Amino acid sequence: MIRPQVMHDGLRLRAAPVGLLNQGNTCYLNSVLQCLAHLPLLANAALDGTLEARVGAHQRGGVLGLLVAHVKEVLAIRGVEATAHQPTAIHSALASMREGTFRLGQQADAHECLRVLLGAVDADAPSGASVVQWLFGGTLVSRILCEGCGIDWSSP
């Protein structure tokens, strides 16, 4: 469970996190972001500054910085009672990484979204500071096996 306390920078947690607006078939992204924002290790590290300190403040403009800002937005009270949040910046970043995928109004796969998002987060982290390794204790690996020709392709 996320620690219900005042954080070092004055952020307090909401009693109930805000929801996310569907921007036109972006439920795949919203479900991924809600799951990630409610991982206790990620939520606490984003709210108390541990994650930014771990991977470096220079990444605030990348996907990792956008994810940290998103977690703070949906979980922290900022003096104004918020309504649903619109994760436009993260969606735009994902759409720009995968041309033709993750477009507004187009359905996409939540698993693919999670893999692309976590890959981008790890790409933003300095060498040797894998966020995926730290959060999940593993590495992100892709494997494709062609049933037609039998070619087996994998990448770390």
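The following conversation concerns a predicted model.

Colleague: Which residues touch the most other members of the largest nonpolar core?

Modeller: They are Leu-29, Leu-33, Leu-36, Leu-94, Cys-113 and Leu-117, in a core of 37 residues.

Colleague: What does Cys-113 touch, apart from residues up to four places away in sequence?

Modeller: Cys-113 touches Tyr-28, Leu-29, Val-32, Leu-94 and Phe-102.

Colleague: Let us turn to α1. Which of its residues are buried?

Modeller: Tyr-28, Leu-29, Asn-30, Val-32, Leu-33, Leu-36 and Ala-37 are the buried residues of α1.

Colleague: And what covers them?

Modeller: The cover over the buried residues of α1 includes α2, α4, α5, α6 and α7. As a general point, an α-helix has 3.6 residues a turn, so residues three or four places apart point the same way.

Colleague: A change of topic: where is His-85?

Modeller: His-85 is placed in the loop between β2 (76-77) and α5 (88-97).

Colleague: Is His-85 buried or exposed?

Modeller: His-85 counts as buried because its relative accessibility is 18%, and the cut-off for buried is under 20%.

Colleague: What is His-85 in contact with, leaving aside neighbours within four places in sequence?

Modeller: The contacts of His-85 are Val-18, Gly-19, Leu-20, Leu-21, His-70, Glu-73 and Val-74.

Colleague: How many salt bridges does a search of the whole structure find?

Modeller: The search finds one. Asp-152 forms a salt bridge with Arg-143, and their closest N and O atoms are 2.7 Å apart. In general, side chains of opposite charge can pair when their charged atoms come close.

Colleague: Are Asp-152 and Arg-143 buried or exposed?

Modeller: Asp-152 counts as partly exposed, at 41% relative accessibility. Arg-143 counts as exposed, because its value is 58% and the cut-off for exposed is over 50%.

Colleague: Which residues form a nonpolar patch on the surface?

Modeller: Ile-144, Ile-151 and Trp-153 form one, and together they have about 330 Å² of accessible area.

Colleague: Where does Ile-151 lie?

Modeller: Ile-151 lies in the loop between β3 (142-145) and β4 (152-155).

Colleague: Why does Ile-151 count as exposed?

Modeller: Ile-151 counts as exposed because its relative accessibility is 55%, and exposed means over 50%.

Conventions
Residues are numbered from 1 along each chain as its sequence is written. This is a predicted model: local features need pLDDT of at least 70, side-chain atom pairs count only at pLDDT 80 or more; totals for chains, interfaces and linings use all residues. Side-chain values use heavy atoms; hydrogens and water are left out. Helices (H or I, at least four residues) and strands (E, at least two) are DSSP runs, numbered from the N terminus. Buried means under 20% relative accessible area, exposed over 50%, partly exposed in between (1.4 Å probe, protein chains only). Contact means heavy atoms within 4.5 Å. A nonpolar core is a set of buried Ala, Val, Leu, Ile, Met, Phe, Trp, Tyr and Cys residues joined through side-chain atoms within 4.5 Å. A salt bridge is a side-chain nitrogen of Lys or Arg within 4 Å of a carboxyl oxygen of Asp or Glu. Patches are made of residues with over 30% relative accessible area and no salt bridge: like charges are joined within 9 Å, nonpolar side chains (Val, Leu, Ile, Met, Phe, Trp, Tyr) within 5 Å. Accessible areas come from the Shrake-Rupley method with a 1.4 Å probe; for residues, only the protein chains shown count as cover.
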